[in-house]
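Subject: Structure for you to look through

Hello,

Please find below the structure I said I would pass on.

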Amino acid sequence: MLGNGEVVGKFEISWNELLDRGDEPFDISFPSVCGDHSSLTLKAAVLHDCDNQDSTLFDFIGKCQIARNTDAGHERFATYATSETVSHLNDAVQYFQLVLDQCPVGHPDHAAALTNLAWARLEGYIQNDLEDIDSITSLFREALALRPQGHPDHPLSIYHLIEALNWRYSKENFTAVYIHESLQLYRKLLPLCPEGTYLRSIAAGAQGLDGVIRECDRLPTDASDEGIDLRRVVLEFCPLGNEHRPRALHELSCALRSRFEQCGSIDYLDECIQYGREVISLCCEGHSEHDTYLTNLASSLDYRFGHQRNSDDLNEVISLYEKALRLCPVGHKSRNIPLSNLASALITRFHQRDDVNDIMRAISLLREARTLCPPGHPSRGITLNNLALAVKTGYAKLNANEGSNKAIGLYRDSLQLTPHGHPLRYICLINLSSALCSSFTQTQENENVEEAIRLCQESLEALPLLHPARFFSYMRLQEAYLSRYRVQHDSTDLSCAVDNFRLASRHPTQGFPPRITEAINWARQAEVYRHDSALEAYQMCLKLFANHMTTRSSIISRREAATAFRGAQSLPVDAASCAIRRDDLRLAVELLEQGRGQQWSLASRLRTPLEDLKLANPELAHRLSEINKCLSDAQGSTDSADRAAADQAAIRYRSLQEEWRAVVTKIRNLQDFSRFLLPPLFTELQAVARHGPVIILIASEYSCSAIIVPTSGEPHHVRFLRINLTHLETLKKDFAREIRLACFMHPEETRKELQVLLRTVWDEIMLPIVIVLQRDLRVTSRSRIWLCPTAAFTSIPLHAAHPFRMKADGRERELCLEDVYICSYTPTLSALIRSRQMMKTRVTPSFAAIGQSEPGAGQGEALLTIDSELELVCKLVRATANATTLSGDDATRTGALDALQENTWVHLACHGKQDREQPYNSRFAMRDEPLTLLDIMEKDIPHAEFAFLSACHTAVGDKETPDEVIHLAAGLQFSGFKSVIGTLWVVDDAVAKHVVEAFYKNMFKDGVMDCTKAAWALNRATCSVKTKVPLEQRMVFIHIGV
């Protein structure tokens, strides 16, 4: 590119020859120089004498002076370029400055004069002969401003400014702001330079953009907005196939992870992981940086595991670190890095799985890493810190006291190697504090706990207010204060511990799982020490837990999350017990409803009726409906085996959740919608008792009791004076044993042990409730009641409570529960309210009998009585409804699903299986493949009314999460069936048909299909078949719903 004083050619012509050309311009061409083909257009004119008033001559003379000075400047500048004599440069600058003075602002050549002066001065700056780069860049900026978009010299002016910025960057301590601006200018320049042009070749070449990108790769990681934006711009210039793309991806990924470390926003981490995966895909094993890229991705996934506790992330972390270690065999200069990284991941997995092999291997790896990091090695400090953590953890597992002292020594050595100002000093401070606190617990030496507190306070001083790691400082502080309180019993220490529990669980930039764990611990310790904050702690637990569930995008992952926290399963009942002990029954009901059945609540809110909202604001109703559909469709998409695809689906789901929250916030600002989709208050929940009282049975380690929600008025509390949680767990096991043994007894044999258990249920649990119902609430005999059991109560057949004894006068037997009231169950209060709300819209009823006597391979043995049961049902129904039958080869998974969707009433007779490992895989056996709970949940059947599930285990909850009530009957209720008959254990199909026959005879006695009669019909049926059906087969059936 020309313009720096190069000689392109010489031209000579006499005056006569020139004047002979007349007024017509003519062109002169020169040989190619630097790839440019230059030409000159000349025009001669004859000037005559004129008056002094005419300025034409003076203008011409002025232009000639500008041209002569410009030429002189270029001549001196060209001489300087070859001689490197500073005086020639100074002469050139003086001439160009003179030209600039002759071309003031507004002059057509002002931009050219600015450029000539700036370029000469820049060359002097490059050669260290001139300084004042500020004025040089200012000149280029001024010239660029005079040549806006569309000006023929606009691209060239951009390039000039880029050159100035690049040289300034290289000569002034590599200040990133200059290279950042340079990249922004390249973004404008390259689209203006077509491929094949000389300007394009130098702008994008090794000394241009390529060189700038390489310089960017040398910059330290910068997590600021400007630093991340710089990395994004670099990536823009490195499309797929560009040699610099892997490095650009890696640098942007590192900047994003660093930003996450500072602010805790998962969005940065997800994007970081996305780029990390792409780098790995572009640089296979054998690439010189492959181990670095593996480590970067693993580190990012490790951070995400700490934030979200997704086990898939941890498994991938360990796999990647194992690969990185294999790429650094013994003797490799960087082997210490994968050794330490893999060890840290194994420590994390040990805390999750409690496998001692993990912690032992971690210690071994870190000891090797320590030998590779002798004194003076930059990684020695963090290696010692990690080894101390492994030793402390391992010895704690083995209950060996000496581990604490070893860990403290290692932590102190590590702290000495991370002085004040070191970016990782806070980690050493927090870990040493924890070790000292453990030592105090063993030795009760006060100086240990006092030092632990000081170290935590120092770590807080080193961290910004919103830094995610402050959470760990708060956590270790509460441990220290609580440890000292246990020894010295100073109430101030307990208050300080609670303050730090509160700060940790509220810390907004830490992930939900660590905060939930801390909140659970807070609630437990508040209970132990009877602190007033217990109820606040429970409320925090339930709030955090609910928020955490919303981050899990699939139904399966939510269940995994629900089982991941030790002690979390009892939170709802323990919270309710706490509220009861504070005489706040309304709050107890609200907390139970907020904490139980969360997975059903999350799924059902996507099916919330929007009729009222449509009247108030059609636009918001439409938008929410669209988002609900997208969320519902996205729920199953994140279980992909492809980790990158699963990540993308999770990111999409979270984005939809943010949209959902924004729309719901707007809805809550509407009049009469302030409580829209918020956890219901007692005044809203009391609607559940419109047709009869609801009894919530609460099984907590702190108290076992019941709350009766009446049709109106205040809730009533019923204490179980002789029953605690241990008794209930024993009772639950005894029932399971006796039901199992009853299967081997003859039908006519008396189930004596079972009767004893049912008598206990009557005397200790249901009789006190019945007394309150009759005496205080005046609930008349044969009225309907609903049972809402929690925790251990969900595995006890409460509806079958029976005294099995004669009255005092010996003339007649005592009444049992089914004699006094007609019992139904409801998983949660909200589930029953939803079913009742959906009853407002009814369609013409239709009935389908679905049966499968010969299920597909691996689904169970043939059921010989199924066909006769279907025939019997259709015969009993036919007088009232036109029943259709689906059986044999037609009773497939798809066929059964279609029948469920197309009919309002369904009878299902087949094998039922409750999957204890994954309850959402609980299933009905069909001819081809099973019909699962997940299949049923995915269907929205608002017109459905009644289902009779004549199959085994259809109303058995999940042992891991009993308060989530995950079973087939609940799934049908969720999909739209308002009234469901389910089973608690194995059904003997040979005798169950007697119950089925009696049920339908009562159900259609008056020729009306009314699903609200199902509980009454089942009550009558079980009473009428006592002589034909053994006790355990009568009580196996329960009614759920309206």
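In which helix does Leu410 lie? Leu410 belongs to helix H18 (residues 402-416); helices (H or I, at least four residues) and strands (E, at least two) are DSSP runs, numbered from the N terminus.

Before going on, note that this is a predicted model, in which local features need pLDDT of at least 70, side-chain atom pairs count only at pLDDT 80 or more, and totals for chains, interfaces and linings use all residues. Residues are numbered from 1 along each chain as its sequence is written, and side-chain values use heavy atoms, with hydrogens and water left out.

Leu410 is buried, with a relative accessible area of 12%. Buried means under 20% relative accessible area, exposed means over 50%, and partly exposed is in between (1.4 Å probe, protein chains only). Not counting residues up to four places away in sequence, Leu410 touches Arg370, Leu384, Leu387, Ala388 and Val391; contact means heavy atoms within 4.5 Å. Leu410 and Gly810 are 400 residues apart in sequence, and their C-alpha atoms are 79 Å apart in space.

Asn386 sits in helix H17 (residues 380-397). Asn386 also counts as buried, at 12% relative accessibility. Leaving aside neighbours within four places in sequence, Asn386 is in contact with Ser340, Ser344, Ile347 and Leu366.

Ala616 is in helix H29 (residues 611-616) and is partly exposed, with a relative accessible area of 46%. Between the C-alpha atoms of Ala616 and His717, which are 101 residues apart along the chain, the separation is 40 Å.

Aromatic rings

Rings of Phe, Tyr and Trp (its six-membered ring) pair if their centres lie within 6.5 Å; planes under 30 degrees apart count as stacked, over 60 as edge-to-face and the rest as tilted. By this rule the count comes to 18 aromatic pairs. One of them is Phe847 with Tyr1000, which is edge-to-face, at 6.0 Å centre to centre and 75° between the planes. Phe847 lies in strand E8 (residues 847-851) and Tyr1000 in helix H41 (residues 989-1003), so the pair ties together parts that are 153 residues apart in sequence. Phe847 is buried, at 0% relative accessible area, and Tyr1000 is buried at 0% as well.

Tyr1000 also forms an edge-to-face pair with Phe999, at 5.0 Å centre to centre and 80° between the planes. Phe999 is buried too, with a relative accessible area of 0%. One aromatic cluster is made up of Phe847, Trp905, Phe946, Phe948, Phe999, Tyr1000, Phe1004 and Phe1037.

There are also charges over rings, a term that applies if NZ of Lys or CZ of Arg is within 6 Å of the ring centre and within 35 degrees of the ring normal. Arg605 lies over the face of Trp660, at 3.9 Å from the ring centre. Arg836 lies over the face of Trp786, at 4.8 Å from the ring centre.

Nonpolar cores

A nonpolar core is a set of buried Ala, Val, Leu, Ile, Met, Phe, Trp, Tyr and Cys residues joined through side-chain atoms within 4.5 Å. Which residues touch the most other members of the largest nonpolar core? Of its 302 residues, they are Phe999 and Tyr1000. Helix H34 (residues 752-775) gives the most to this core, with eleven residues. Apart from neighbours within four places in sequence, the contacts of Tyr1000 are Phe847, Val873, Leu876, Val877, His907, Phe946 and Phe948. A second, separate core has 17 residues, among them Leu606, Leu620, Leu624 and Leu631.

Two positive phi angles

Most residues other than glycine have a negative phi, and most peptide bonds are trans. Asp583 has a positive phi near 60° and is not a glycine. Asp583 is in the loop between helix H26 (571-581) and helix H27 (585-595), and counts as exposed at 66% relative accessibility.

Phe804, again not a glycine, has a positive phi of about 50°. The loop that holds Phe804 runs between strand E6 (784-789) and helix H35 (817-820). At 22% relative accessibility, Phe804 counts as partly exposed.

Regards
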